[in-house]
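This report is for a reader who meets the structure for the first time. Please keep the sequence and the model in view while reading, and follow each residue as it is named.

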Amino acid sequence: MVTLARAADAALDRGDLATVRERLALLESTAAENLAEARLIVAAMTPGHLQQGTLAEALQRVVDTASAESGIDGSLTVVGSPVAAAANSEVVVLRTAQEAIANIRRHSGAATFSVRLDYADPERVGLEVRDDGQGFDPSAAPSGFGLVGAQSRAADLGTELLIDTAPGSGTTLRVSVPR
């Protein structure tokens, strides 16, 4: 946003009002998108967020909000009977889903995404987030802290965050945490 503001200022100095308007419009849309994502994260970080309902209900709210705000068609599928897991496991699942969906919104160019919450294993809760976007080169170093943070949270529970992607093939993210 700072770069866009500086570009608008430079265009103003040149008297290029068309570019100024273009940069300001892009600045406004970027700010609105960032605000929407921040609201999603803050809402989910509220201490009582998971206490107000099940993990499945919290994920449904995240999916519904992201779909409504981004125009990307999102869905949630729950496999098995939802059973409360350890609080730290549920937080890892929720935060991982939020990060994956934020990345879908920002980077994927996807038309659809799906979230699958899996209770079939009596000892674990599985999460899969899949999109039909452009994918990326997994060997490239991550440019932000989101996926690194999600990997770290998974490692804290003794598990691994798996990312299956390639340029042009969409992305699937999976994690399985202890109940």
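Leucine 117 touches Leu55, Ala56, Leu59, Leu76, Thr77, Val78, Val79, Val93, Val125 and Gly126, leaving aside residues up to four places away in sequence, where a contact means heavy atoms within 4.5 Å. The model is a predicted one, in which local features need pLDDT of at least 70 and side-chain atom pairs count only at pLDDT 80 or more, while totals for chains, interfaces and linings use all residues. Residues are numbered from 1 along each chain as its sequence is written, and side-chain values use heavy atoms, with hydrogens and water left out.

**The core**

Leu117 and Leu59 are the residues with the most contacts inside the largest nonpolar core, which has 33 residues. Such a core is a set of buried Ala, Val, Leu, Ile, Met, Phe, Trp, Tyr and Cys residues joined through side-chain atoms within 4.5 Å. At least two residues of this core come from each of α3 (55-70), α4 (87-108), β2 (112-118), β3 (124-131), α5 (146-156) and β5 (171-178). Helices (H or I, at least four residues) and strands (E, at least two) are DSSP runs, numbered from the N terminus.

**The whole chain**

The protein contains 5 helices and 5 strands, and from the N terminus on these elements follow the order α-α-α-β-α-β-β-α-β-β. Of its 179 residues, 39% are buried; buried means under 20% relative accessible area, exposed over 50%, and partly exposed in between, with a 1.4 Å probe and protein chains only. The accessible surface comes to about 9,800 Å², and carbon and sulfur atoms account for 55% of that surface; the areas come from the Shrake-Rupley method with a 1.4 Å probe, and for residues only the protein chains shown count as cover. Among contacts with a separation of 6 or more, 66% are between residues 24 or more positions apart.

Strands β3 and β5 run antiparallel and are joined by 8 bridges, and leucine 127 stands opposite valine 175 in β5. Strands β4 and β5 also run antiparallel, with 4 bridges between them; leucine 162 has arginine 174 in β5 as its bridge partner, and aspartate 164 has threonine 172 in β5. The hairpin of β4 and β5 has 5 residues between the strands, and in this hairpin glycine 168 takes a positive phi near 85 degrees.

**Charged pairs**

Side chains of opposite charge can pair when their charged atoms come close. The whole structure holds 7 salt bridges, each defined as a side-chain nitrogen of Lys or Arg within 4 Å of a carboxyl oxygen of Asp or Glu. The table lists some of them.

| Salt bridge | Distance, N to O |
|---|---|
| Arginine 23 and glutamate 22 | 2.5 Å |
| Arginine 105 and glutamate 69 | 3.4 Å |
| Glutamate 99 and arginine 106 | 3.7 Å |

Arginine 105 lies in helix α4 and glutamate 69 in helix α3, so this pair ties together parts that are 36 residues apart in sequence. Arginine 105 is buried at 13% relative accessible area, whereas glutamate 69 is partly exposed at 41%. Glutamate 99 is buried, with a relative accessibility of 16%, and arginine 106 is partly exposed at 38%. Arginine 23 counts as partly exposed at 24% relative accessibility, and glutamate 22 counts as partly exposed at 49%.

**A residue of helix α2**

Alanine 18 lies in helix α2 (residues 17-45). Alanine 18 counts as exposed because its relative accessibility is 55%. Alanine 8 is 10 residues away from alanine 18 in sequence, and their C-alpha atoms are 9.8 Å apart in space.

How values were computed:
Two strands pair if DSSP finds at least two bridges between them.
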